[in-house]
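Subject: Model handover

Hello,

My notes follow below it.

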Amino acid sequence: MAHPAQLGLQDATSPVMEELLHFHDHALMIVFLISTLVLYIIVAMVSTSLTNKYILDSQEIEIIWTILPAVVLILIALPSLRILYLMDEINDPHITIKAMGHQWYWSYEYTDYEDLGFDSYMIPTQDLTPGQFRLLEADHRMVVPLDSPVRVLVSAEDVLHSWAVPALGVKMDAVPGRLNQTAFITSRPGVFYGQCSEICGANHSFMPIVVEVVPLEHFENWSSFMLQDA
């Protein structure tokens, strides 16, 4: 959960998000070193009146400042491509959930069950109880089991939406007439929040996503209760 004045990303709750955090730190350190080097060169050139005649026309320096940026780009590109393929990997999901975007709410359908689905609306501010988050709480949460591969099929009924949960490292566009898929594995229980990340109309800010991660036994009890209630 993000908090005011937070400088970094949210704590990861999936292996992919952990990889994204590590890559973020890796790339940020490279940018920091490059910025420091450039700043040092600028200060050195401005503050001294001395000139090295071997630097004015040096084949070796031209080779270095051509090869060095290429090496830096490779150091950034290779981890990035690795994570990109990891994010597209879907390995034998234990459960499949279809998330449909509407103006302006989400509906979820657990396709492995015969009749398990519900709509998820934002809880109005006046109905919130103490401890709940404004604009982030939903009346029905998407409940998933802990340590289980989950596949999410994402689509929309009317306009473009985007199903995004930062703590899971998941963001997938919901396009009418198109079925996109993404997957994640949760590494710890908890409640994780997201929002529609595609401008979809007047109430775009009022269709939150709430994912609740529970142990498998609790998930089975919840699914049985929902099926009986249906």
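Helices (H or I, at least four residues) and strands (E, at least two) are DSSP runs, numbered from the N terminus. This is a predicted model, where local features need pLDDT of at least 70, side-chain atom pairs count only at pLDDT 80 or more, and totals for chains, interfaces and linings use all residues. Residues are numbered from 1 along each chain as its sequence is written, and side-chain values use heavy atoms, with hydrogens and water left out.

Domains from the record

UniProt (unreviewed entry) places "domain: Cytochrome oxidase subunit II transmembrane region profile" at residues 1-91. That span is 74% helix and 0% strand, with its end C-alpha atoms 27 Å apart. The annotation "domain: Cytochrome oxidase subunit II copper A binding", also from an unreviewed UniProt entry, covers residues 92-225. Here the chain is 7% helix and 43% strand, and the end C-alpha atoms lie 26 Å apart. UniProt positions are given in the numbering used here, feature names are shortened, and annotations may be inferred rather than shown by experiment.

Helix α1

Helix α1 takes up residues 15-47, 33 residues in total. From first C-alpha to last it reaches 48 Å, close to the 48 Å expected at 1.5 Å a residue. The expected span is 1.5 Å times one less than the number of residues. Its buried residues are Met 17, Phe 23, Ala 27 and Ile 30. Buried means under 20% relative accessible area, exposed over 50%, and partly exposed in between (1.4 Å probe, protein chains only). These buried residues pack against α3 (59-88). Contact means heavy atoms within 4.5 Å.

Two sheets

Strands pair if DSSP finds at least two bridges between them. Strands β2 and β3 run antiparallel, joined by 4 bridges. In β3, Phe 118 is the bridge partner of Tyr 108.

The other open sheet also has 5 strands, ordered β4-β10-β9-β6-β7, and its pairing is mixed. The edges are β4 (142-145) and β7 (170-174). Strands β9 (190-196) and β10 (208-214) pair in the antiparallel sense over 6 bridges. Val 191 has Glu 212 as its bridge partner in β10. Helix α4 (216-229) packs on this sheet and touches β4 and β10. The direction of α4 makes about 135° with that of β4. Axes are lines fitted to C-alpha atoms, for helices over the stretch in contact, and angles run from 0 to 180 degrees between N-to-C directions.

Core

The largest nonpolar core has 34 residues. Tyr 108, Tyr 110, Met 142, Trp 163, Phe 184 and Val 211 touch the most other members. Such a core is a set of buried Ala, Val, Leu, Ile, Met, Phe, Trp, Tyr and Cys residues joined through side-chain atoms within 4.5 Å. Beyond its neighbours within four places in sequence, Tyr 110 is in contact with residues including Phe 118, Met 142 and Trp 222.

Backbone points to check

Most residues other than glycine have a negative phi, and most peptide bonds are trans. The bond from Gln 103 to Trp 104 is cis, with omega near 0°. Trp 104 lies in the loop between β1 (95-102) and β2 (105-110). Asp 92 has a positive phi of about 45° and sits in the loop between α3 and β1. Asp 92 counts as exposed because its relative accessibility is 63%. Asp 147 has a positive phi near 60°, in the loop between β4 and β5 (150-156).

Best regards
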